[in-house]
Amino acid sequence: MVIPVSCVICDSSAFREAPNRPYAFCKSCGAAERTRYLWLYLNHEKPLRNGMVVLHCAPEKAVSAKLKATIGPGYRPADFEPNRYETTSVEVEKFDLTDLSGVADGEFDAVMHLHVLEHLYAPLDSIFRETMRVIRPGGRFIFGLPISSGISFENIWPDATPEERLKLFGQHDHVRLVGRDDFPRFLARVLAPFSDQTDFRVDPAKIADADTFFRKTGITVARAAGYTGDTIFDVRKTIAV
Ligand SMILES: [Zn+2]
């Protein structure tokens, strides 16, 4: 049985494919599978509400205006290179996730980004600790990142050439590979001071049955539930530090 796929964000059923990804990008709104999954999750869980202060880094164009309408003036779309968003309808501020020294403890109700962490020239430990610091107790850190087989390795020094990074990490502007063999332990260790959760992954089976999930996102429940580039992590800060 062929399950018809349509975009959960804009309802289009036309997609642009990528290798091994028949429904990679919505032809209408441009959303990748992971963006459609994020939207499905946000609509199901409703963690972001009107009146909150939400930092959304590398804001996906397909959802940023919708999020602004939902959240209101506290929605803060941000990027290290805001000039990449000239065609986006929301104004994107410059923001450096590797230096949060000017950001107060608990400033945000939520921080959210997909596929940003693999670009950042700073140790992942400090990025996670600092991100959790600037989220208020009760707030959330919602994120996703590319995850590969094996163990993680990185080169966060700016001496490697784009060609070397392509060879090492599969993309010219990536500085690390995050491996599924050690990433769960890394998360448990670095997030232990902030949360009493034992698993930080969103379970897509709790959002929709497998057919519905596929129909709305173009990805299988199994792919989204494991440790992959489509997995969404939702860390709830339960411990005040
Ligand atoms: Zn769409």
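Predicted model: local features only at pLDDT ≥ 70, side-chain atom pairs only at ≥ 80, totals over all residues.
Reader: OK, and which residues in helix 2 are buried?

Author: Ala-62, Val-63, Leu-67, Lys-68 and Ile-71 are.

Reader: What do those buried residues pack against?

Author: They pack against helix 1 (33-45), strand 3 and strand 4.

Reader: Switching to the sheet: what's the strand order?

Author: The order is 5-4-3-6-7-10, in an open sheet of 6 strands with mixed pairing.

Reader: Why is one side of strand 5 and of strand 10 left without a neighbour?

Author: Strand 5 (93-94) and strand 10 (233-236) stand at the edges and each has a single partner strand, so one side of each has no neighbour in the sheet.

Reader: And where does helix 2 touch the sheet?

Author: Helix 2 (residues 61-71) packs on it by touching strand 3 (54-57) and strand 4 (75-79). The helix direction makes about 150 degrees with that of strand 4.

Reader: Now strand 6. Is it mostly covered or mostly uncovered?

Author: Mostly covered: 7 of its 7 residues are buried.

Reader: How does the chain get from strand 6 to strand 7?

Author: It crosses through helix 3 (residues 124-133), making a right-handed β-α-β crossover.

Reader: In what sense do strands 6 and 7 pair?

Author: Parallel, over 6 bridges, with strand 6 covering residues 108-114 and strand 7 covering 135-144. Phe-108 stands opposite Ile-135 of strand 7.

Reader: How many bridges join strand 3 and strand 6?

Author: There are 3, again in the parallel sense. Leu-55 has Val-111 in strand 6 as its bridge partner.

Definitions and conventions:
Residues numbered from 1 in each chain as written. Pairing = 2+ DSSP bridges. Helix = DSSP H or I, 4+ residues; strand = E, 2+ residues; numbered from the N terminus. Contact = placed C-beta atoms within 7 Å. Axes fitted to C-alpha atoms, helices over the stretch in contact; angles between N-to-C directions. Buried ≥ 20, exposed ≤ 12 C-beta atoms within 10 Å, placed from the backbone. Right-handed = clockwise from strand over helix to strand, strands pointing away.
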